[in-house]
Amino acid sequence: MGGGKSATSSGRAAGGGGVFTNVRSVNFDGTDDFFNTNSTFQSTFQSSYTFSFWCKLDTTSGTQFLFSAQNAANSDRVACFLSSAKVALFATSNGTGTSTIYDNSGTTLTNWFNVAGRFQQSGSNVIKTLFVNGSQKSTQTKAGMTLSQYGTVNSPVNIYAGARNLNNVASFFTNGLMDEIALFGSALSDDDIASIYNSGVPADLSSFSPVAWFRMGDINGGSGTAISNQGSGSVDGQLTNGPTYTTDVPS
């Protein structure tokens, strides 16, 4: 699995310069707010990949999608969501899908927590693993699944955070805060993911070579709707329908 160096709280922020600080997050109202990364799974997930984000929910009731992209036929999709007050993860590539795996450890979701989803192509199999707060919670191997087929048969859609994106229609919105949303074009190691959690304090991710890294207010001074991409990709994200900035951050 992918290597990488441990992040430190004193590292330099990718693209932003200066000493790393995290002083802002974004608050989603659970009604219609979401974050459009403006990146498709076709451009991001056609080989082994990992995503990570921080979240703090106002409520654990109902179904809330935290990270999602699903095309019209549901032939290609990836989603991390809240179901029965548990974090859940699943994916499908060209009609071949994993079953849903869950965090059954009783994580307190109304406190800040970190989620990482890792999908590793291993021959003709995909190994899917869910991490919460730097620890592996569940894993599954799916035979006959090929990540290179993501978005090649059916039209791809953008990845949303804070809502389900089903064929470019948002629903099942997140009610709470999100921060430090990142996409990596490799299967990060267990140690890498533990370093990203960093004992509960977000740190500089640049040493892990993110394709996309959205600081959720730290780079733009907590104003405007555009969230600049601090990863290697050139596409910025967009806050949609009025989510607001807050100084409540993981610490």
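1. Basis. The model is predicted: local features need pLDDT of at least 70, side-chain atom pairs count only at pLDDT 80 or more, and totals for chains, interfaces and linings use all residues. Residues are numbered from 1 along each chain as its sequence is written, and side-chain values use heavy atoms, with hydrogens and water left out.

2. Main core. The largest nonpolar core has 41 residues. Such a core is a set of buried Ala, Val, Leu, Ile, Met, Phe, Trp, Tyr and Cys residues joined through side-chain atoms within 4.5 Å; buried means under 20% relative accessible area, exposed over 50%, and partly exposed in between, with a 1.4 Å probe and protein chains only. Phe-51, Phe-53 and Val-78 have the most contacts inside this core. Strand β3 (residues 49-57) gives the most to it, with five residues. Strands (E, at least two residues) and helices (H or I, at least four) are DSSP runs numbered from the N terminus.

3. Another core, of 11 residues, lies apart from the largest one; Phe-20, Ala-116, Ile-196 and Leu-205 are among its members.

4. Phe-53. Its relative accessibility is 0%, so Phe-53 counts as buried. Contact here means heavy atoms within 4.5 Å. With neighbours within four places in sequence left aside, the contacts of Phe-53 include Leu-66, Phe-67, Cys-80, Phe-113 and Val-115. Met-178, Asp-179, Glu-180 and Ile-181 are also among them.

5. Ring pairs. The structure holds 12 aromatic pairs. Rings of Phe, Tyr and Trp (its six-membered ring) pair if their centres lie within 6.5 Å; planes under 30 degrees apart count as stacked, over 60 as edge-to-face and the rest as tilted. Phe-20 and Trp-213 are a stacked pair, with 6.2 Å centre to centre and 15 degrees between the planes. Phe-20 is in the segment before β1 (25-29) and Trp-213 in strand β16 (residues 210-214), so this pair ties together parts 193 residues apart in sequence. Both Phe-20 and Trp-213 are buried.

6. A pair between β3 and β4. Phe-53 and Phe-67 are also stacked, at 6.4 Å centre to centre and 15 degrees between the planes. Because Phe-53 lies in strand β3 and Phe-67 in strand β4 (residues 64-70), the pair ties together parts that are 14 residues apart in sequence. Phe-67 has 1% relative accessibility and therefore counts as buried.

7. Ring cluster and a charge. Phe-65, Phe-81, Phe-90 and Phe-172 are linked into a cluster by ring pairs. Over the ring of Phe-65 sits the charged end of Arg-164, 5.9 Å from the ring centre. The rule for this asks for NZ of Lys or CZ of Arg within 6 Å of the ring centre and within 35 degrees of the ring normal.

8. Cavities. How many cavities of 30 Å³ or more are there? The count comes to two. A cavity is a set of points, on a 1 Å grid over the protein atoms alone, where a 1.4 Å probe fits but cannot get out; lining residues have an atom within 4 Å of a point. Grid points are joined across faces, edges and corners, and a volume is the space filled by probe spheres set on the points. The largest cavity has a volume of about 50 Å³. Its lining includes Ser-52, Trp-54, Asn-114, Glu-180, Ile-196, Leu-205 and Trp-213.

9. Val-87. This residue is in strand β6 (residues 86-93) and, at 1% relative accessibility, counts as buried. Residues up to four places away in sequence not counted, Val-87 touches Cys-80, Phe-81, Ile-101, Tyr-102 and Leu-130, among others.

10. Thr-100. Thr-100 is in the loop between β7 (96-97) and β8 (101-102). At 29% relative accessibility Thr-100 counts as partly exposed. Leaving out neighbours within four places, Thr-100 is in contact with Phe-81, Ala-88, Leu-89, Phe-90 and Lys-128. Gln-140 is 40 residues from Thr-100 in sequence and 9.1 Å from Thr-100 in space, C-alpha to C-alpha.

11. Positive phi. Ser-84 is not a glycine, yet has a positive phi of about 55 degrees. Ser-84 lies in the loop between β5 (77-83) and β6 and counts as exposed at 66% relative accessibility. Asn-167, not a glycine either, has a positive phi of about 55 degrees. Asn-167 is in the loop between β13 (164-166) and β14 (169-171) and is partly exposed, with a relative accessible area of 40%.

Note on methods: On a 1 Å grid over the protein atoms alone, a cavity is a set of points where a 1.4 Å probe fits but cannot get out, and a pocket is an open set with protein on both sides within 12 Å along at least five of seven lines; lining residues have an atom within 4 Å of a point.
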